[in-house]
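Subject: Structure handover

Hello,

Here is the structure for you to look through. Please open it first, then read the notes below it.

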Amino acid sequence: MSARSTRTPVRSLRARITLLATGLAAGVSLVLLWLAWTLVGDAVSAVPQMPPGTVVRVDGVDVDAAALAAHLRDHARDKMLLAGTIAFCCVVLATAVLAWTFTSRVLRPLRDITGTARRLSVESLGERIGDVDARGELAELAQTFDAMLDRLQSAFEAQRHFVANASHELRTPLSVIRTELDVTLADDQADTAELRRMAGVVRDATERANQLVGSLLLLARTDGAGLVVTEPVDLAALVASAWRAVSGEADQRGLKTTFHCEPAWTTGDPALLERIAGNLLENAVRHNVDAGWIEVTTQAGEQWATLRVRSSGGLVDPQAVDELFEPFRRAGVARTARHGAGLGLSIVRAAVEAHDGLVSAEPVVGGGLAVTVRLPATR
């Protein structure tokens, strides 16, 4: 893009402001010129008139007094009109020059903002306008523009990070599938048992990829989207429904569970709200230790309906708790872990925010995690 096209909008605004200022100055000057012409005429007419037929001598010539008065009035008006016209032209010209000059200085920050906006791309979002040589609205505009760029840069970086992590997570099961297929196909002596083993590995990898894609689709649906369905929902009922899906796995691991679930009503999408409870309980079971414990509490309040899930587990760094709500982050679990896609708490946060709620987490002393969800209460 040429420098000329970059400056065109600002120059157009500069020209319009100059024309407006010049037009206003010309209009005011014309009004003043007309008032002066009228006042001069009235002032001359106010001179006392001599009786009709009076003759006065001017430079040795006898002149009728009435004719002399009319001549003096016209002469004064003509002189005033000449001087006023010269002054009018000078005022208009000076206004145009000053307006063009000062407008250039005033609009310089706007040129910087426009130039920065035109140079920006995904690769150059780090550029900022910074401090501008202006005050008031233009300085505020520059600060607002820089703040917007900060948010855009954070969003783009988060998107890049998310895409990179999603690609990595999807590559893992796909690599397992391809490796198993290549090894099995290269073995001419592979028997039925080997083929069944390969099929089992491929099935597990396919299931993991399917879970990851489903979680990504749910996160895309939830994150930043409005609620399609809203109806009263009891968090205690959701906990009971979600627990049935993981109770078998909890029994296999010998987990001790404690439920303190009183009716806690909120309003929202039942499917998303059940996914909140389901993800929290799944994390509590799958990231727990054998023979560990889980405590689930629902509580009604005047402002919030609260769901709290505490569980034992590995040690969690208090400084890294907030990062657990980012995609592909797991509490005390390696990135290549086979259980879960690392999107559970990300989906929980997105769903809670879609319901205008709050979610927080804190490590449990001795190992484990406690997650608290607060949703607007319904009376």
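The notes below go through the sheet, the helices, the surface and the salt bridges.

Please keep in mind that this is a predicted model.

**The sheet**

Start with the open sheet. It has 5 strands in the order S4-S6-S7-S9-S8, and the pairing is mixed. Strand S4 (256-261) and strand S8 (358-363) stand at the edges. Each has a single partner strand, so one side of each is left without a neighbour in the sheet. On average, neighbouring strands of this sheet are turned by 10° against each other, direction ignored.

S9 covers residues 369-376. How much of S9 is buried? The strand is mostly covered, with 6 of its 8 residues buried. On one side, S9 pairs with S7 in the antiparallel sense, over 8 bridges. Val309 has Val371 of S9 as its bridge partner. S9 also runs antiparallel to S8, and 6 bridges join these two. Here Val359 stands opposite Val373, and Ser360 has Thr372 as its bridge partner.

S8 and S9 form a hairpin, with 5 residues between them. Gly366 sits in the turn and has a positive phi of about 95°.

**Helices against the sheet**

Helix H7 (residues 270-286) lies across strand S6 (293-300), strand S7 (304-311) and S9. H7 runs at about 20° to S7. Helix H8 (residues 344-354) lies across S8 and S9. H8 runs at about 20° to S9.

Most residues other than glycine have a negative phi.

- Ala291 has a positive phi of about 65°, although it is not a glycine. Ala291 lies in the loop between H7 and S6. Its relative accessibility is 62%, so Ala291 counts as exposed.
- Asp356 has a phi near 60°, again a positive value in a residue other than glycine. Asp356 is found in the loop between H8 and S8. With a relative accessible area of 60%, Asp356 is exposed.

Now go to the start of the chain. Which residues make the nonpolar surface patch of about 780 Å²? They are Val28, Val31, Leu32, Trp34, Leu35, Trp37, Leu39 and Leu81. Helix H1 (residues 3-45) gives the largest share of the patch, 7 residues. Leu81 lies in helix H2 (residues 65-106). Its relative accessibility is 36%, so Leu81 counts as partly exposed.

Trp100 is also in helix H2. At 35% relative accessibility, Trp100 counts as partly exposed. Which residues does Trp100 contact, leaving aside its neighbours within four places in sequence? The contacts are Arg14, Ala15 and Thr18. Trp100 and Arg14 are 86 residues apart in sequence. In space they are 6.9 Å apart, C-alpha to C-alpha.

**Salt bridges**

Side chains of opposite charge can pair when their charged atoms come close. How many salt bridges does a search of the whole structure find? The search finds 9.

- Arg178 and Asp182: their side chains meet at 3.7 Å, N to O. Both residues lie in helix H4 (residues 137-186), 4 residues apart, about one turn of the helix. Arg178 is exposed, with a relative accessible area of 61%. Asp182, at 43% relative accessibility, counts as partly exposed.
- Asp290 and Arg253: their side chains meet at 3.1 Å, N to O. This pair links distant parts of the chain, 37 residues apart. Asp290 is in the loop between H7 and S6, while Arg253 is in the loop between helix H6 (235-252) and S4. Asp290 is exposed, with a relative accessible area of 59%. Arg253 is partly exposed, at 21%.
- Glu295 and Arg310: the closest N and O atoms are 3.0 Å apart. Glu295 is in strand S6 and Arg310 is in strand S7, 15 residues apart. Glu295 is partly exposed, with a relative accessible area of 31%. Arg310 is partly exposed too, at 23%.

There is also a network. Salt bridges that share partners join Glu249, Arg275, Glu282 and Arg286 into one.

Best wishes

Definitions and conventions
Residues numbered from 1 in each chain as written. Predicted model: local features only at pLDDT ≥ 70, side-chain atom pairs only at ≥ 80, totals over all residues. Heavy atoms only, no water. Patch = residues over 30% accessible without salt bridge, like charges linked within 9 Å, V, L, I, M, F, W, Y side chains within 5 Å. Areas by Shrake-Rupley, 256 points an atom, 1.4 Å probe, with all protein chains shown as cover. Salt bridge = Lys/Arg side-chain N within 4 Å of Asp/Glu carboxyl O. Buried < 20%, exposed > 50% of the residue type's maximum accessible area, 1.4 Å probe, protein only. Contact = heavy atoms within 4.5 Å. Pairing = 2+ DSSP bridges. Axes fitted to C-alpha atoms, helices over the stretch in contact; angles between N-to-C directions.
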